[in-house]
Number of protein chains: 2
Amino acid sequence: MYFTSRFLYPTTQQHCCCRTTHSDAKLKDPFTLAQRDLTSLYDDIKKELFVSKDELKFLCDYYFDGKGKAIRPMIVVLMARALNIHSNRSGDLLPGQRAIAMITEMIHTASLVHDDVIDGSDRRRGKRTINEVWGEKKAILAGDFILSAASMALARIGNITVVKVLSQVIEDLVRGEFMQLGSKENENERFKHYLEKTFKKTASLIANSCKAVSILVNSDPDIHEIAYEYGKNVGIAFQLVDDVLDFTSGANNLGKPSAADLKLGLATGPVLFACQQFPELHAMIMRRFSSNGDVDRAWQYVIQSDGVEQTSFLAKRYCQEAIRQISMLRPSPERDALIRLTEMVLTRDK
Amino acid sequence: MYFTSRFLYPTTQQHCCCRTTHSDAKLKDPFTLAQRDLTSLYDDIKKELFVSKDELKFLCDYYFDGKGKAIRPMIVVLMARALNIHSNRSGDLLPGQRAIAMITEMIHTASLVHDDVIDGSDRRRGKRTINEVWGEKKAILAGDFILSAASMALARIGNITVVKVLSQVIEDLVRGEFMQLGSKENENERFKHYLEKTFKKTASLIANSCKAVSILVNSDPDIHEIAYEYGKNVGIAFQLVDDVLDFTSGANNLGKPSAADLKLGLATGPVLFACQQFPELHAMIMRRFSSNGDVDRAWQYVIQSDGVEQTSFLAKRYCQEAIRQISMLRPSPERDALIRLTEMVLTRDK
């Protein structure tokens, strides 16, 4: 069984050193620290996607505009440098580690492009989606194309274990999206299903790309596990916070309308917790909020419940586990930036 | 420049030994010879796609029903055995070669699933398409999923060159499909564009999977080139014949309605040759046969022209080049079956 109880319920035990470390105001901002590695990332992605056909090029460049948060490649480059220092090397990125940061962003973007077709979304990050601008056909192809370019770049790294680890991500992304199309009758199963989907759709990419940069610098499986567990726990926390923001953030902040998940028929953390207080939500969840007024009614129940607080609390526990894991690495500015990042994940408001 | 003049216009020079060999009535039927390797292929593919979610499983099993011609894996297993014998080994397949036969069929099927969504096709091989039965969303996911499972199986072979060679195929498939969505103003460019698209959409998979099984058994790049060139030339011939059959075969034979390409707005070999005799076709090609009566009028022009004969002749030249290449291998029943296969490609009527 892949999902152990540890996965579902992270330990809350916190490593003593990080209690002090992560509240240290002098810690470098992760974005600043990662900047030197990320500056040319989008240019490099565009080179990977170099295509003679103008339209395919425009399509692929469209999302790689360098205006995203680039949180995934940022975690990857910080993790790579922290692991290099832990392994008694210079903090400098190996070429393969840099490639993994790029591939991570490409896989993420390819999955967004297909998700937007599947959800029929017209906006993403305040921009019109590819399917909205160029139509579904070209959006399907653009997603396939970005993924194939990522696979080519992955093969060029030349490490078969890294290929395996990142191929697993692509499979997880598809399984996660497929899980999202289904719903679960039983309430306990439903929460497990939600966390499993969250892992596959969001955390697997971060966990496995952290593991991949570890594989390139260190042969110790315990170190790969630390990298993986940090990525997994931060990834799940990131998505839990995203699900909270869908209820608490206005349309302008998040770049997409609030309660978007309810409108898509999705019951995320806040709704699932709220359903424990308001069993009336059960029927609405089962019909995927498809009856007239369901979305508004469900929203009201969630706001009246402690669903948002409970989901935020769960996110915090995942972050604590991420901190516990990463604190096992030798101290470095990058390690500490990864600790600080967990705070930023929890406190972001968009 | 990837497409050399040799690519566009295969040499007609034929290797002396194959003149006698490929007309030999005693040559084993390629399908019979490949059968021992193909029997459990679809069961193995289903194992690769093992999924706990019932619906995703049904979707993925849907095309792997073992009722297809399996021409791609057949070529791969015959090529692998011919190459093994050429390299002084037993003809037995290496596990990696068998995996490549399976991956080839998986990549092919994944691309069909997405092509059917893009073309809005409701039937394929006499069956309803996945998008027709389960809807576009699930068809997009099913294609992604089959591709991700193929990538996982590819990584498990553990040979990075093989990963590179087959990742190139996925990129070619997408670029080919994208090319199909565009049309070319200039008539000379249009034919080159058509052949390039044909290579990318059909021949690249066969060429590169032949090369991949060669890489696993032999380190001589000349041998890889023979395998690749055989696959490329047979692949292009196969598609040229397919394009001819779209004009000459009834709906019942091919399992899809005739003139399907015209209805999709596509100008294939027969139309492009016909346009040299009937320049009236030019305007119709440019508007992708979208005006009322275009499909019928274009069809009439093609039938009155020698477009079908010229396309068939071109297919024959590609097959001759395929024979010339494969004849450089040491004789074996599998090599000779690959020679015989070129005849079957040319004479098939469905």
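Student: Which side chains meet A:Arg81 and A:Asp92 in a salt bridge, and how is such a pair read?

Tutor: Side chains of opposite charge can pair when their charged atoms come close. A salt bridge here is a side-chain nitrogen of Lys or Arg within 4 Å of a carboxyl oxygen of Asp or Glu. In this predicted model, the side chains of A:Arg81 and A:Asp92 form one, at 3.8 Å from N to O. The pair links distant parts of the chain, 11 residues apart: A:Arg81 lies in helix H6 (residues 71-86) of chain A, and A:Asp92 in the loop between H6 and helix H7 (95-119) of chain A. Helices (H or I, at least four residues) are DSSP runs, numbered from the N terminus, as are strands (E, at least two).

Student: How many salt bridges are there over all chains?

Tutor: By this rule the count is 26.

Student: What should I know about the numbering and the limits of the model?

Tutor: Residues are numbered from 1 along each chain as its sequence is written, chains are lettered from A and ligands numbered from 1 in the order in which they are written. The model is predicted, local features need pLDDT of at least 70, side-chain atom pairs count only at pLDDT 80 or more, totals for chains, interfaces and linings use all residues, and side-chain values use heavy atoms, with hydrogens and water left out.

Student: How do H18 and H19 of chain A cross?

Tutor: Two packed helices are described by the angle between their axes and the distance between the axes. Axes are lines fitted to C-alpha atoms, for helices over the stretch in contact, and angles run from 0 to 180 degrees between N-to-C directions. The axes of H18 (residues 307-326) and H19 (residues 333-347) of chain A come within 10 Å and cross at roughly 180 degrees. H18(A) and H19(A) are therefore roughly antiparallel; angles under 35 degrees count as roughly parallel, over 145 as roughly antiparallel, 65 to 115 as roughly perpendicular and the rest as oblique.

Student: Which residues make the contact of H18(A) with H19(A)?

Tutor: Contact means heavy atoms within 4.5 Å. Among the residues involved are A:Cys319 and A:Ile323 of H18(A), and A:Leu338 and A:Thr342 of H19(A). By class, the contact has 9 nonpolar, 1 polar and 2 charged residues. Ala, Val, Leu, Ile, Met, Phe, Trp, Tyr, Cys and Pro count as nonpolar, Asp, Glu, Lys and Arg as charged, and the others, Gly among them, as polar.

Student: Are H7 and H10 of chain B roughly parallel or antiparallel?

Tutor: The axes of H7 (residues 95-119) and H10 (residues 160-181) of chain B come within 11 Å and cross at roughly 20 degrees, so H7(B) and H10(B) are roughly parallel. Residues that meet include B:Ile103 and B:Ile107 in H7(B), and B:Leu166 and B:Leu173 in H10(B). This contact has 10 nonpolar, 1 polar and 3 charged residues.

Student: How are chains A and B related?

Tutor: Copies are superposed by least squares on the C-alpha atoms of residues with pLDDT of at least 70 in both. A rotation of 180 degrees, with 0.0 Å of shift along its axis, superposes chain A on chain B (RMSD 0.0 Å). The two copies are thus related as by a two-fold rotation axis. Of the residues of chain A, A:Ile160 comes closest to that axis, at 3.2 Å (C-alpha).

Student: Why do the copies meet through the same surface?

Tutor: 100% of the interface residues of chain A are also interface residues in chain B, so the surface is the same.
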